[in-house]
Amino acid sequence: MQNRLIGFALVCIVVAAVVLSFTLGQGSATPDAMWGRHGVMPGEVARPRAIAIDKKTGHLFLVDFTARVQCYDLDGNHLGYTWTTPDFRNGRPSGLSIDNDGNLLVADSHYHCVRIYAHDGRELRKFGGEAGAAPGQFGYVSDCVQDDDGGYFISEFGQNDRITKVDREGKLQFVFGSSGQEPGQFNRVRAMAIGPDGLLYAVDACNHRVQAFTRDGQFVRTFGTPGSALGELHYPYDLCFNAEGMLYVVERGNHRVQKFNPTTGESLGTWGSAGRKPGQLADPWAIAVDQFGRVHVVDTENHRVQRIKF
């Protein structure tokens with residue numbers, strides 16, 4: 001009888017440890033869905049690197065290292081739309097987002113511009129395209145997001161570590177940021193998102209942090225320090241918000257997703273670990289939340305997308 005009690009107690013301890021480890025972000029869980037097949041045929045992907053979801057239509061867009069933009073439904077079924085940017089000999093796009101009209105914004109990184117597409121791949125317009133460091137010129141364009149007023153924020157790194165604001169017609173408004181480690185400075189802004197609080201959030205990848213700004217470019221706060229513990233970040237590459245205003249950050253270096261309270265910077269847990277199995281990630285580059293609150297994680301080196309409820 002005593003041995004049975006001891007055995008039961010040990011089982012309870014193990015179960016409690018597993019539950020606690022997932023709660024505190026030290027373990028993995030099976031994804032809600034997982035899809036993707038390595039290849040270059042329509043519907044297949046080769047190292048996908050950016051994602052965007054139109055929450056009105058449920059269309060999900062991926063761009064991969066072959067420079068193809070492809071359109072799927074939220075379960076990974078290819079919808080028949082595949083296209084590339086006009087030229088990709090210098091490199092592939094690296095940022096996607098949805099504008100106020102439901103069109104797809106593509107950061108054509110190596111061609112110093114942003115292109116706007118309909119869901120079927122028709123290019124509607126572009127702005128930028130002149131390389132350089134002067135205001136209104138662009139280096140490596142990493143991302144573009146549109147605010148409620150119709151203006152666009154465009155992030156760069158490499159030649160220019162900064163964010164540029166242009167109006168709805170693409171006319172220069174202002175530029176903020178510079179290279180460095182101080183608050184308001186950047187070392188590789190990979191992606192941006194506008195929060196429910198109206199602030200602009202940017203993942204400052206090589207400074208291993210998230211920075212928040214007003215929409216006139218004034219620094220508000222930062223959180224995250226280098227590392228792998230809760231609240232720490234290692235090469236954060238993308239970010240997105242859920243309907244409750246909580247922030248998800250995908251960390252390429254830690255092979256995981258971390259959830260934050262963006263106001264306090266408090267970590268609410270992590271999901272994922274390094275590996276090839278379901279619930280594991282290999283160099284994840286991007287993340288998006290759909291209209292049902294599910295998180296879609298671009299598992300880049302595993303050539304797939306994992307959908308989680310987190």
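Tutor: Let us begin with Gln137, which lies in the loop between β9 (123–128) and β10 (140–146). Helices (H or I, at least four residues) and strands (E, at least two) are DSSP runs, numbered from the N terminus. This is a predicted model, in which local features need pLDDT of at least 70, side-chain atom pairs count only at pLDDT 80 or more, and totals for chains, interfaces and linings use all residues. Residues are numbered from 1 along each chain as its sequence is written, and side-chain values use heavy atoms, with hydrogens and water left out.

Student: Does Gln137 count as buried or exposed, and why?

Tutor: Buried means under 20% relative accessible area, exposed over 50%, and partly exposed in between (1.4 Å probe, protein chains only). Gln137 counts as buried because its relative accessibility is 17%.

Student: Which residues does Gln137 touch?

Tutor: Contact means heavy atoms within 4.5 Å. Not counting residues up to four places away in sequence, Gln137 touches Glu130, Ala131, Gly132, Glu156 and Arg162.

Student: What is the mean pLDDT of the protein chain?

Tutor: pLDDT is the predictor's confidence in each residue, from 0 to 100. The chain has a mean of 92, and 91% of its residues reach 70 or more. Over residues 1–28, however, the pLDDT is below 50, and this stretch has 17 contacts in the model beyond near neighbours in sequence.

Student: Where does His59 lie, and which side chain does it join in a polar contact?

Tutor: A polar contact is a pair of N or O atoms within 3.5 Å; within protein, one must be able to donate a hydrogen and the other to accept it, and residues adjacent in sequence count only if both atoms are side-chain atoms. His59 lies in strand β3 (residues 59–63), and a polar contact of 2.8 Å joins its side chain to that of His119.

Student: In which sense do β3 and β4 pair?

Tutor: Two strands pair if DSSP finds at least two bridges between them. Here β3 and β4 are antiparallel, over 4 bridges, and Phe61 has Cys71 in β4 as its bridge partner. The two strands form a hairpin with 4 residues between them, and Ala67 in the turn has a positive phi of about 75°.

Student: Why is β4 described as largely enclosed?

Tutor: In a regular strand the side chains alternate between the two faces of the sheet. Strand β4 (residues 68–72) is largely enclosed by the rest of the structure because 5 of its 5 residues are buried. Arg68, Gln70 and Tyr72 are on one side, with Val69 and Cys71 on the other.
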